[in-house]
Amino acid sequence: MFFERPASGERAVLVHLTIASEDEREDPREFEELVLSAGGDPVAFVMGSRSVPDSRTFVGSGKLEEIAAEVALHEAEIVMFNHALSPSQERNLERELKCRVLDRTGLILDIFAQRARTHEGKLQVELAQLQHMSTRLVRGWTHLERQKGGIGLRGPGETQLETDRRLLRARIKSIQARLRKVQRQRDQGRRSRRRAEVPTIALVGYTNAGKSTLFNRLTGAAVFAADQLFATLDPTLRRLDLDEAGPVILADTVGFIAHLPHKLVEAFKATLEETVSADLLLHVIDVAAEAREDNIHQVEAVLEEIGAAEIPLLQVYNKLDLLEQSPRIDYDEAGKPERVWLSASSGAGCELLVKAIAELVGDDMVEEELQLDPEQGSLRAALYRLGAVAAEHYSEDGVAHLNVRLPRADWNRLMKVAPEPAPWE
């Protein structure tokens, strides 16, 4: 890497400005949580307001002196801005403040780099970092001379900066090729699930809404879950058997955040396609968050950006244990589940969520009363394997009478390989 990531516990001065010309403003409290999630040690928080950002240093000269004073007072090693800075603004700020400067995008990239566990996740983070860094290489080489003409001064044809840019472009192409291979592998897995007609349900939501805790509660998995932003980065898939609707695949995905950097959305395209290809989205919402409605809108905006806005969605209002309310299901005018209130940490209301999921993905269910002759024992065994037999009894002539309920996809698949049973007379 051309620039090392901040070590854990670096003393940081945080900067947040309210820009009058901006329609959507960042949350300073969320910014502080991001810094803590990255392992930073906030020692001062400089706040202010401007009508428009300064083109050279983003902040005005007076605010720049205030930031410099805080850096000197606390011996801070880095200044973090809760805004997107241009490469020239970062360079000018570092020159004035005599320390490293990191903007909001760089901070989120750093957190992602710390959280990545799988090979794919690390590739995606590196790609986003390199794309972000490509416009900022000049910061690392301001001390080097440009090419010069004249006898004895001619170089190999390119400056160190140009060499690094060329190497960086080559590395980006290499990573993109490897990610395309990963994407093909994921597509193959999704095609297999579609052939088997197993519905996929993806957990989506704002970061730290409790998706992984809910995922673990429903599937019995041991996915890392913590009270911090972006605890989950790599997607995890598990099978979940629903009594009323048969097996489904549950996918835990990366959390969203306000103004998620576009480079990350692009880099994580293969991961986010688990969301785009899902049959049902569970939008997990922190019911106790002060910015709950804003968070909902931000998630909906990202779903719109990645092309998942038309997928059926069930809202899951999580962390109900923080409020004095009972778990419940809210239904829409058509009588379909629209919202489930629960607590993933305590498990209260999770059975209601399973019921709501079964109602949504199990709409197309077959309920039949069948009679099977003794020679149709293989079909009877297949129905039992699918958990489709609700009741059974035998007549005196040895014919089995079954009440069955199963998804139409399973029924159609059985009818292709088994002789059609006679209806129960």
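View 1. Arginine 50 is found in strand S2, in a model that is predicted. With a relative accessible area of 27%, arginine 50 is partly exposed. Although arginine 50 and glycine 60 are 10 residues apart in sequence, their C-alpha atoms are 8.4 Å apart in space.

**View 2. The aromatic pair of phenylalanine 58 and phenylalanine 81.** A search of the whole structure finds three aromatic pairs, and one of them is formed by phenylalanine 58 and phenylalanine 81, whose ring centres are 6.2 Å apart and whose planes stand at 85 degrees, so the pair is edge-to-face. Phenylalanine 58 lies in the loop between strand S2 (41-50) and helix H2 (61-74), whereas phenylalanine 81 belongs to strand S3 (residues 78-81), so the pair ties together parts that are 23 residues apart in sequence. Both phenylalanine 58 and phenylalanine 81 are buried.

**View 3. The aromatic pair of tyrosine 317 and tryptophan 341.** Tyrosine 317 and tryptophan 341 form a tilted aromatic pair, with 4.6 Å from centre to centre and 40 degrees between the planes. Because tyrosine 317 lies in strand S9 (residues 313-318) and tryptophan 341 in strand S11 (residues 337-341), the pair ties together parts that are 24 residues apart in sequence. Tyrosine 317 counts as buried at 6% relative accessibility, and tryptophan 341 is likewise buried, with a relative accessible area of 8%.

View 4. The side chains of glutamate 66 and lysine 63 meet in a salt bridge of 3.2 Å, N to O. These two residues are three residues apart in helix H2, which means that about one helical turn separates glutamate 66 from lysine 63. Glutamate 66 counts as partly exposed at 34% relative accessibility. In the loop between H2 and S3 is the place of glutamate 75, a residue other than glycine whose phi is positive, near 55 degrees. Most residues other than glycine have a negative phi. Glutamate 75 counts as exposed, at 56% relative accessibility.

**View 5. Lysine 319 and its salt bridge with aspartate 286.** Lysine 319 forms a salt bridge with aspartate 286, in which the closest N and O atoms are 3.4 Å apart. Since lysine 319 lies in the loop between S9 and S10 and aspartate 286 in strand S8 (residues 280-286), the pair ties together parts that are 33 residues apart in sequence. Lysine 319 counts as buried at 17% relative accessibility, and aspartate 286 is buried too, with a relative accessible area of 18%. Lysine 319 is not a glycine, yet it has a positive phi of about 65 degrees.

**View 6. The salt-bridge network of Arg328, Asp330 and Arg339.** Aspartate 330 forms a salt bridge with arginine 339, and the closest N and O atoms of this bridge are 3.3 Å apart. At 17% relative accessibility, aspartate 330 counts as buried. Salt bridges that share partners join Arg328, Asp330 and Arg339 into one network. In the model, the count of salt bridges comes to 12.

**View 7. A patch of negative charge on the surface.** Asp373, Glu375, Glu396 and Asp397 gather here in a patch of negative charge on the surface. One of these residues, aspartate 397, lies in the loop between strand S13 (389-394) and strand S14 (400-407). Aspartate 397 is exposed, with a relative accessible area of 59%.

Methods:
Residues numbered from 1 in each chain as written. Predicted model: local features only at pLDDT ≥ 70, side-chain atom pairs only at ≥ 80, totals over all residues. Heavy atoms only, no water. Patch = residues over 30% accessible without salt bridge, like charges linked within 9 Å, V, L, I, M, F, W, Y side chains within 5 Å. Areas by Shrake-Rupley, 256 points an atom, 1.4 Å probe, with all protein chains shown as cover. Salt bridge = Lys/Arg side-chain N within 4 Å of Asp/Glu carboxyl O. Lys, Arg positive; Asp, Glu negative; His and termini not counted. Charge placed at Lys NZ, Arg CZ, Asp CG, Glu CD. Helix = DSSP H or I, 4+ residues; strand = E, 2+ residues; numbered from the N terminus. Buried < 20%, exposed > 50% of the residue type's maximum accessible area, 1.4 Å probe, protein only. Phe/Tyr/Trp six-rings, centres within 6.5 Å; stacked < 30°, edge-to-face > 60°.
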